[in-house]
Amino acid sequence: MTDVKHHGAHGAQDGDRPAVDLSDPTLTRFEIVREGARRDDIEIVTYESQFPHPGSKQEKRIERAIALLFILAGALAMAFLAVYIFWEWEFELGWTLSDYFTPLLGITLGFSLMCVGFAILAWAKKLLPHEISIQDRHEAMSTDEDRQITGQTMVYTVDELGVQRRPLLKGAVALGLAPLGLVAAAPLVGGLIRNPHKNETPEMYSTGFNPAFNNGQLVRLTREDGTPIRPDDVSVGGQMTVFPGIPHGATNEWADSPTLLIHLRSTDAEAARQANAGDPNEHNQDAMWGNYIAYSKICTHAGCPASLYEQQTNRLLCPCHQSQFLITDNARPIFGPASRRLPQLPITVDDEGFFVASSDYREAIGPDFWERP
Amino acid sequence: MKRRKLDIGALPGATAKQLDDRFQVATPLRRLLNKVFPDHWSFLLGEIALFSFIILLLTGTFLTLFYDPSMREIEYEGSYTALRGVEMSAAYASSLDLSFDVRGGLIMRQMHHWAALLFMASIVVHMARVFFTGAFRKPREANWAIGLILFLLGFLAGFTGYSLPDDGLSGTGLRIASAIMLSIPVVGSWISSSVFGGEFPGHLIIGRFYIAHVLLIPGALLGLISAHLALVFKQKHTQWPGPMRTNSNVVGERMFPRYALKQGGFFMLVFGVVALMAGLFQINPIWLFGPYRAAEVSSASQPDWYVMFMDGLVRLMPAWQIDIPIGDGYVIPPLFWPAVVGLGALTTGPIFYPFIEARRYKDKKSHHLLQRPRDVPERTGVGAMALTFFVVATISGGNDVIADKFHISLNAMTWIGRIGLLVLPPLAYYLAVRICLGLQQHDREVLAHGVETGIIKRLPNGRFVEVHQPLGPVDEHGHPVPLDYAGWVVPKKMNRLGALGPAVRGFFYPIEKPAEAPTSPGMPPVQPREERKELTSGGQQ
């Protein structure tokens with residue numbers, strides 16, 4: 001009796017139940033299991049077979065089904081291996097057998113695993129006895145005494161250290177540990193944090209069209225392959241993505257530089273010129289060359305290329321968040337989440353008849369940021 | 001000296017004894033084997049997340065064996081002909097190799113991606129279950145908070161993960177991430193510059209995302225998942241109300257043999273479904289997107305589904321820029337509100353919900369019994385509101401695709417989203433509360449009057465009345481004694497009372513006899529004899 005009480009110390013419900021003598025040879029295994037459960041304050045209320053008697057017809061039937069599932073799983077796993085080893089898998093252009101490699105792997109592996117899953121589930125749900133057990137939840141709150149003791153122990157520890165009484169130590173610890181903490185933070189802070197404004201040509205405000213990156217020469221507008229562009233190359237109403245004509249100008253090294261060069265129809269060009277002339281902060285004045293106009297392709301909202309050009313309405317649409325910009329009005333945002341116009345690249349034509357940027361962008365390109373103005 | 005004969009039969013017992021002498025595991029092991037778990041299908045949703053996480057660890061480890069987290073520009077020379085000779089990053093090239101030049105690599109990649117989508121989906125559904133049934137109440141507030149942090153970590157794991165292939169789509173995602181960092185007031189440009197190691201895209205980001213994706217975030221996930229499970233273990237699972245079930249016990253099955261076996265089977269099932277999807281359904285075909293180029297994007301650029309709500313919020317945000325006219329002037333771009341404030345608030349705000357609700361109901365007790373959503377209409381309404389918000393935002397994340405496929409104006413879609421985001425959630429709240437109250441009322445009605453039998457009786461005076469089957473005892477006038485609502489399903493149809501008898505099992509031939517009477521302890525047996533009499537007499541009239 002004392003033994004049982006000891007094990008059930010946190011639960012009070014086992015007082016009226018006789019102790020089980022585990023050395024009793026007549027005990028069945030289930031009785032031992034039930035006794036174990038009781039010691040954990042679990043009462044097995046029902047535990048009954050799903051079948052009227054062992055070896056019944058239903059039981060055999062379910063057994064056979066489970067066996068079949070396992071065998072099927074094995075067969076499918078073998079099929080997986082066979083496909084993996086023998087099936088043609090290397091990619092070839094066009095319609096080939098290798099197109100079916102991954103689907104076959106998926107089908108064989110997937111169904112094999114599912115067979116195992118169903119087999120185990122059927123074993124548990126159909127063959128094992130139904131059970132209802134009740135366990136005491138024991139949200140045994142610590143007693144107030146325990147709480148008091150733990151609290152006092154912790155306070156006692158602080159007392160013993162005597163930080164309150166020993167101000168010298170307090171100061172010394174602070175002086176000793178704070179610098180050490182800073183040491184831990186130093187490589188992270190010093191190595192990771194990077195000032196975006198430290199370069200001579202400030203990276204947030206300059207692009208590949210800055211003559212500083214071209215030995216002071218004006219930078220040509222080029223195609224992706226680096227060839228320069230003549231005015232004749234863009235037909236009326238047409239557009240072209242251009243890059244700075246410097247080494248690697250079309251690569252992600254200069255991810256802020258892609259620009260859209262548009263050849264406007266003469267009426268639209270007139271409207272755009274007037275809008276440029278009336279630009280309140282004078283960034284866009286004299287930026288066009290003839291009927292040609294160039295805007296940064298990097299959306300001022302989230303930086304996607306605003307590349308869908310609607311010729312009839314002179315709108316540029318960014319496919320990421322559907323900001324729309326009116327080309328003939330300083331690329332003013334007219335719909336969507338963008339709040340800032342696309343910067344215009346001032347362009348002209350050099351002595352050899354190729355487009356050049358007459359200067360870098362006159363305002364920061366790309367997504368907006370705190371200190372941009 | 002005589003050698004003692006080895007007794008094979010006693011060997012396991014002897015080994016176990018030796019082990020227990022050293023580690024004293026017998027008692028704790030017995031407790032573990034015996035631990036009782038309540039059972040309900042809705043408790044398995046979180047398991048799906050756990051199992052997906054295991055699949056993610058397994059397949060992810062395989063992927064790391066071939067992936068090269070480098071932004072070095074190289075010329076692709078693999079077997080995918082369409083991109084041969086194209087300049088691309090080593091990361092993208094190795095991702096292509098994983099898809100084309102590693103035998104079975106594609107299915108691993110797709111399993112990883114599908115498991116990630118399933119991971120996030122099951123977290124969301126599991127969270128909804130926990131919310132609507134009140135499982136987050138005291139003492140489980142901490143686990144609710146951990147769950148929300150797990151969602152946020154999963155979100156970050158997903159984002160860092162799909163950035164790694166460095167294809168056209170993921171580069172666009174990175175570009176947007178950089179813009180989101182830039183939008184943070186005061187320190188935005190410093191954060192972006194620090195994270196990317198310079199101006200976007202720099203040369204470091206893939207390597208940094210790689211270590212975050214394979215070590216830092218999974219480490220945090222693993223730690224928090226362990227804490228999550230340990231708390232479930234320690235605090236024991238909640239259960240639905242029902243016969244024998246109280247706030248101070250757990251009614252169910254012991255972990256062994258049945259419960260653990262069912263878990264194992266379920267894991268295999270989840271694993272199998274993921275493998276099947278990975279084989280049959282293409283996901284993230286990076287070879288179609290090409291390498292990332294800052295000047296290129298295509299329409300229908302959608303992130304993974306669990307990021308779409310944020311993308312949708314970004315799309316719907318009006319162009320409200322805040323200018324601060326100090327010095328040269330400063331600016332807070334509109335992107336800041338949905339992407340930084342919105343994401344932060346939506347993932348951390350709900351952490352406080354359990355405390356808010358407890359305060360509102362002045363409820364300081366511990367709760368281990370779940371509540372049916374209908375019984376707490378306000379909470380259900382709040383949940384319906386949140387879900388509606390999430391769905392509208394998610395749909396708006398694909399509004400360009402919807403506009404394209406259904407020939408709706410793109411601008412109209414944006415406006416529908418903007419208005420819907422404000423109007424639909426309150427509407428959902430109102431409808432959910434009304435539906436809850438209606439269901440509550442019907443429960444009470446059935447408990448008071450009994451189940452409608454569908455039988456109309458004509459009284460001698462010519463009146464017609466409907467016959468109700470009482471659920472409990474009747475008083476001397478034959479009127480049912482009203483029953484108390486027990487917080488659980490009230491049977492509302494005669495066949496739930498066993499009136500029609502259960503279907504006979506067996507496909508080709510019956511393998512069991514029809515049961516004599518229903519045996520479920522929650523549903524008392526009925527004697528439908530009187531009603532049957534009424535029926536026959538009705539037929540003779």
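Tutor: Let us begin with a term: two residues are in contact if their C-beta atoms, placed from the backbone, lie within 7 Å. This is a predicted model, in which local features need pLDDT of at least 70, side-chain atom pairs count only at pLDDT 80 or more, and totals for chains, interfaces and linings use all residues. Residues are numbered from 1 along each chain as its sequence is written, while chains are lettered from A and ligands numbered from 1 in the order in which they are written.

Student: Which residues does A:Cys115 touch?

Tutor: Leaving aside residues up to four places away in sequence, A:Cys115 touches A:Leu69, A:Leu72, A:Ala73 and A:Leu76.

Student: And how many residues does each chain bring to the contact?

Tutor: Chain A brings 75 residues and chain B brings 86. On the chain B side, helix α10 (residues 255–280) gives the largest share, 17 residues; helices are DSSP runs of H or I of at least four residues, and strands are runs of E of at least two, numbered from the N terminus.

Student: Changing topic, which residue follows α5(A)?

Tutor: A:Gly162 follows α5(A), and its phi is positive, near 70°.
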